There are 2 protein chains.
Amino acid sequence: MELRQLITFITIVELDGYKKAAGELGYAQSSITAHMKDLEQELGTPIFDRLGRKMVLTEAGKKFLPYAEKIVRLYAKSKEAIQNTTEPSGQLTIGASESLMIYWLPTIIKRFREKYPLVELTMKSIQYDNLTGQLKKGDIDAAILVETLNFNPTELVTNLIKKDELIHVTADAAIMPDTMLVTEYTCSWRPLVEEYLKGVGKEFISRVELPSVEAIKQSVLCGLGNAMLPTFTVENFMKSGDLQEVHNSKREQVGIFTAMHKNKWVSPSMRAFLEVLES
Amino acid sequence: MELRQLITFITIVELDGYKKAAGELGYAQSSITAHMKDLEQELGTPIFDRLGRKMVLTEAGKKFLPYAEKIVRLYAKSKEAIQNTTEPSGQLTIGASESLMIYWLPTIIKRFREKYPLVELTMKSIQYDNLTGQLKKGDIDAAILVETLNFNPTELVTNLIKKDELIHVTADAAIMPDTMLVTEYTCSWRPLVEEYLKGVGKEFISRVELPSVEAIKQSVLCGLGNAMLPTFTVENFMKSGDLQEVHNSKREQVGIFTAMHKNKWVSPSMRAFLEVLES
DNA sequence: TATTATAGTTCAATAATATTGAACTTTGGA
DNA sequence: TCCAAAGTTCAATATTATTGAACTATAATA
């Protein structure tokens, strides 16, 4: 049984005759006969009675008709549902680094939700040590993260959304305290912090590792130590003066990137999200 | 898009891989690739992301999956519904002559209904002058009727269920009144009545045409005239003595027949009905 | 870091099947 | 009685589905 035979069957019933159906569908009449013979063989019973030159549905044919119609209707519907995905919809799972999630994405997500309400958006925090794995397994469709500017792993397609800088901040601009508050090792910019410290000859300074950017920031505010953080995380406190840049400190370049698996199909939802990101 | 491709698609998702699906379905792996390429072409979007050696459903694929499953499930269901028609069901329309409908069929219908409750049985009265037409148009699936024993029209398959006789009845057995109560001309046994009258030299006797057997019987009972009727219509009144056979009258042979179009497929319901009829 | 095994793709050859036209059958009207 | 219309059959042909072999890319392993 194949869809084409079901379509033939339905057309015969609609137009009341093999010949008309053949004309409608662009087949030779004998093809119509063949289609129906196949169907009847598969079903094991005749579906038409050949009463004189009239074709009349048998009881089996009558029972089968609604099934055939439903199947063909579903077929058409499925095509439409997939093809006419003008309006992004369905699930979209984005992995984001914790800091971006807090300081940058909320407004973006809000805009995206307003524009594409049919997309079921899920945000997940990413594991920096297994980004490729997460993208490959389909755990997340794309990732947004802060990385060094040379970020470009094979297997992934990356895209720089925005450049930013790591800035050395402290509660009191005059001093560079002995304690450096840092993120964990798997954090993407942690190597840059280490490089910076080496650059200023402070590679042996004591470090306190804290689990989140927000924890580090609050601790810096209390004077517990200082830290290298992306500017977008500290902008507001710089303006208010609660945090200040260490004098003569060097800034390190970082970028906000999107990343996805290179073979991944970019769905309409995904494209929409990337567009909102870039605007 | 063909059913076979949908089955392949579903199997791939279930077994998680082209190779396993190929094994399961008895295809070469390249056939699986071809199936999915066809599907993707028809839908206009990829349905799998080739992430490394893992095949992961795309968003479009995820949306398509439930459609595919529903279509394949319907396909299986339809086959089952048609093939496993062990239990007769569906519509069955029987045409019957008015007399049989009244005196013979009620108990048969009752038995049939008890045995096959799923069949929606419809009884229609037949037009004797257009029996073939009714059978051909699908107005009725089969007819049950009283006919002369040589009843055997081309185009129809007939079957003698039971022999019966036309019996010349009257309210007073001693006399044969001047008035003959007869059915209309299109009635199947009317010619036999005419033949009988000719046989007994009464071909010019006066006739009153009445529209139904029941009307004739009641009229005979009142002494309005006499009539030739099938025994099954008058049995009870013969036993009670209210109707009596005319002395030395000849009986005419008739039969109760089923008739259906010769090309008509005998559905399980129909077969069941015929079996009940013959028991 | 090679090496190997695994999973999927490509492509040309082949097997399978769908379609067709021509001749035939049956039926319903002129 | 003959003709036209509708469907069937069947052999020829066109199309398509399937396959095996060579190839690519990736994951595992040694």
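Me: How many salt bridges does the structure hold over all chains?

Reply: A salt bridge is counted where a side-chain nitrogen of Lys or Arg lies within 4 Å of a carboxyl oxygen of Asp or Glu, and by that rule the structure holds 30 of them over all chains. This is a predicted model, in which local features need pLDDT of at least 70 and side-chain atom pairs count only at pLDDT 80 or more, while totals for chains, interfaces and linings use all residues. Residues are numbered from 1 along each chain as its sequence is written, chains are lettered from A and ligands numbered from 1 in the order in which they are written, and side-chain values use heavy atoms, with hydrogens and water left out.

Me: Which parts does the salt bridge of Asp141(A) and Lys264(A) tie together?

Reply: The side chains of Asp141(A) and Lys264(A) meet at 3.2 Å, N to O. Asp141(A) lies in the loop between α7 (131-137) and β5 (142-148) of chain A, and Lys264(A) in the loop between β11 (252-261) and α11 (268-278) of that chain, so the pair ties together parts that are 123 residues apart in sequence. The helix and strand numbers count DSSP runs from the N terminus (helices H or I of at least four residues, strands E of at least two).

Me: Which strands of chain A does β6(A) join over ten bridges?

Reply: Two strands are taken to pair if DSSP finds at least two bridges between them. Strand β6 of chain A, residues 156-170, is joined to β11(A) by ten bridges in an antiparallel arrangement, with Leu160(A) standing opposite Phe257(A). β6(A) also pairs with β9 (residues 227-230) of chain A, in the antiparallel sense over four bridges, and there Val169(A) faces Ala227(A). Two further bridges join β6(A) to β10 (residues 244-245) of chain A, again antiparallel, and Val169(A) stands opposite Glu245(A) in that strand.

Me: Where in the hairpin of β1(B) and β2(B) is there a positive phi?

Reply: In chain B, strands β1 (residues 48-51) and β2 (residues 54-57) run antiparallel and are joined by four bridges, with Arg50(B) opposite Met55(B). Two residues lie between the strands, and Gly52(B) takes a positive phi near 65°.

Me: How is the size of an interface read, and what is the area buried between chain B and chain A?

Reply: The size of an interface is often given as the accessible area lost when the parts come together. Between chain B and chain A the buried area (accessible area lost with a 1.4 Å probe, summed over both parts) is about 4100 Å², of which carbon and sulfur atoms give 63%. Leu51(B), Ile82(B) and Trp265(B) supply 17% of the area that chain B buries against chain A, more than any other three residues. The contact (heavy atoms within 4.5 Å) takes 43 residues from chain B and 43 residues from chain A.

Me: How many salt bridges are there between chain B and chain A?

Reply: The count is six, including one between Asp49(A) and Lys264(B) at 3.4 Å, N to O. α1 (3-15), α3, β1, α4 (59-83), β3 (90-96) and α7 (131-137) of chain B each supply at least two residues of the side of chain B that touches chain A, and the largest share, 16 residues, comes from α4(B).

Me: Which residues are closest to DNA strand C?

Reply: A residue counts as near a strand if one of its heavy atoms lies within 4 Å of it. DNA strand C is surrounded by 23 residues, the closest being Ser31(A), His35(A), Arg53(A), Arg50(B) and Lys136(B). Of the atoms of DNA strand C within 4 Å of the protein, 68% belong to sugar or phosphate and the rest to bases. A phosphate oxygen of DNA strand C is 2.7 Å from a polar backbone atom of Ala28(A), whereas a polar side-chain atom of Gln29(B) lies 3.2 Å from a base nitrogen of DNA strand C.

Me: Which residues are closest to DNA strand D?

Reply: DNA strand D is also surrounded by 23 residues, and the closest are Arg50(A), Ala28(B), Ser31(B), His35(B) and Arg53(B). Sugar and phosphate account for 67% of the atoms of DNA strand D that come within 4 Å of the protein. A polar side-chain atom of Arg53(B) lies 2.5 Å from a base oxygen of DNA strand D, while a polar backbone atom of Lys19(A) is 2.8 Å from a phosphate oxygen of DNA strand D.

Note on methods: Polar contact = N/O pair within 3.5 Å; in protein donor to acceptor, adjacent residues only side chain to side chain. Buried area = accessible area lost by both parts, 1.4 Å probe.
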